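Me: I have a protein model on my screen. Can we go through what the words for it rest on?

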Amino acid sequence: MDDYFEQSGRSPRDLPGMYLKTGVILAWFVSSYVFLVFVAGSWASALLGCLSLGLAMAGIGFSVQHDANHGGYSERRGLNQALGGMLDMLGASSYVWSWKHNIFHHSHTNVAGLDADIDIQPFCRIAPSQRLHRAHRFQHFYIWGLYGLLTLKWQFVDDFKDIITGRVGGQRMPRPTGRKLVGALGGKVFFFAWSLVLPLFFHPVWQVLLAYALTSFILGLTLATVFQLAHCVEEAAFPEAPASTGGTFTREWAAHQVETTVDFARGNRLLCWYLGGLNFQVVHHLFPKVCHLHYPALSRIIEATCHEHGVRYRAQAGVGTALGSHVRWLKRMGRPEVLAVA
């Protein structure tokens, strides 16, 4: 990787292309909001506005706040913090997310009990070591509805619960105080102001709530599906937390990241642009502080190195292939015989 940056002369962060991309996505978000609140005058136009706004919000999450909260957007800490705060603008606490994602998920990817991102218990079973319930045999049908509720759960339940309890799933998190607490609560106030309060001045309550619910559903479904295609598929490993070694894993961290993560649709340029490189999750998990615009080039270096050292590297050819693998994994996790094997 060092050779790549030295030979290309490119910086790992602060890329002009990233600034341009941020401007385009933010313009998409603002224009979608203005259209939905002030222009849309029919059911068809309102539906189009909700779809566009939901996808634009997901684009901010994928491409802007994700790099920024990892420190991969800029060398300047203040700029990373400012752009990382866009997650608060979307209704989810960047403080809680940084602990949940940066620390817990990246440290113990796909480990049930340590990675809260794969915990949808008791509604769904994602990992072999999780408890099986009878309803899970149908989870490959109903899980998409739960994915759509993801952001509503973040906005109204999870962030408040995690801040109050100081826990994310089964892991402890320092409760925010001072400026961090003000930022977390202030972000919620700002989000509810632009997403609910302002539209109420121009539209009936039921229309605002319906548009809010639909936009949130589109956002949640998009975010959750992209995450699951990278981790919750047949090709990904699901290591168990060692009970007898004091929490020590036998597999080294880097190999663990590669084997619990799967790339997909790496040749789709439009998708790569929209997803902020999250279809190159292997690169992201190994080098989260590098801007995602470098991921396509770095993935080839990493894949060759993995093959050289006998570390399994997996990539799905397209979105359809990845979706099929995810559905098959959900079906497998919903069968009783899998529990017996586990």
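Reply: Gladly. This is a predicted model. Among contacts in the protein between residues at least 6 apart in sequence, 71% join residues at least 24 apart. A contact here means heavy atoms within 4.5 Å.

Me: What makes the protein as compact as a globular protein of that length?

Reply: Start with the parts: the protein has 16 helices and four strands. Its radius of gyration is 20 Å, close to the 20 Å that the globule rule gives for 342 residues, so the protein counts as compact as a globular protein of that length. Its C-alpha atoms fill a box of roughly 60 × 55 × 45 Å along the principal axes.

Me: How many of the residues are buried?

Reply: Buried residues are 49% of the 342.

Me: Which charges does the protein carry on its side chains?

Reply: There are 29 positive and 22 negative side chains. The centres of the two sets lie 7 Å apart.

Me: Why is histidine 326 called buried?

Reply: Buried means under 20% relative accessible area. Histidine 326 has 0%, so it is buried. This histidine 326 is found in helix α15, residues 319–333. Leaving out residues up to four places away in sequence, histidine 326 touches Trp144, Tyr147, Gln228, Leu229, Cys232 and Val233.

Me: What covers the buried residues of α7?

Reply: The cover includes α8 (150–165), α10 (205–231) and α15. Helix α7 spans residues 139–148, and its buried residues are Gln139, His140, Ile143, Tyr147 and Gly148. Tyr147 is also one of the residues that histidine 326 touches.

Me: Which residues of helix α4 are buried, and why are they said to be on the same side?

Reply: In α4, residues 77–84, the buried ones are Asn80, Leu83 and Gly84. They cover an arc of only 100° around the axis, so they sit on the same side of α4. These buried residues pack against α3 (43–70), α5 (86–89) and α6 (94–107). The face turned away from the buried side carries the exposed residues Gln81 and Ala82.

Me: How do you know that the bond from glutamine 121 to proline 122 is cis?

Reply: Look at omega: for this peptide bond it is near 5°. Proline 122 lies in the loop between α6 and α7. As background, most peptide bonds are trans.

Me: What is said of phi at aspartate 14?

Reply: Phi is positive there, about 60°, although aspartate 14 is not a glycine. Most residues other than glycine have a negative phi. Aspartate 14 lies in the loop between α1 (2–8) and α2 (16–39).

Terms used:
Residues are numbered from 1 along each chain as its sequence is written. This is a predicted model: local features need pLDDT of at least 70, side-chain atom pairs count only at pLDDT 80 or more; totals for chains, interfaces and linings use all residues. Side-chain values use heavy atoms; hydrogens and water are left out. Helices (H or I, at least four residues) and strands (E, at least two) are DSSP runs, numbered from the N terminus. The radius of gyration is taken over C-alpha atoms; the globule rule is 2.2 Å times the number of residues to the power 0.38. Buried means under 20% relative accessible area, exposed over 50%, partly exposed in between (1.4 Å probe, protein chains only). Lys and Arg count as positive and Asp and Glu as negative; His and the chain ends are not counted. The place of a charge is taken as NZ of Lys, CZ of Arg, CG of Asp or CD of Glu. The arc is that of the directions from the helix axis to the C-beta atoms.
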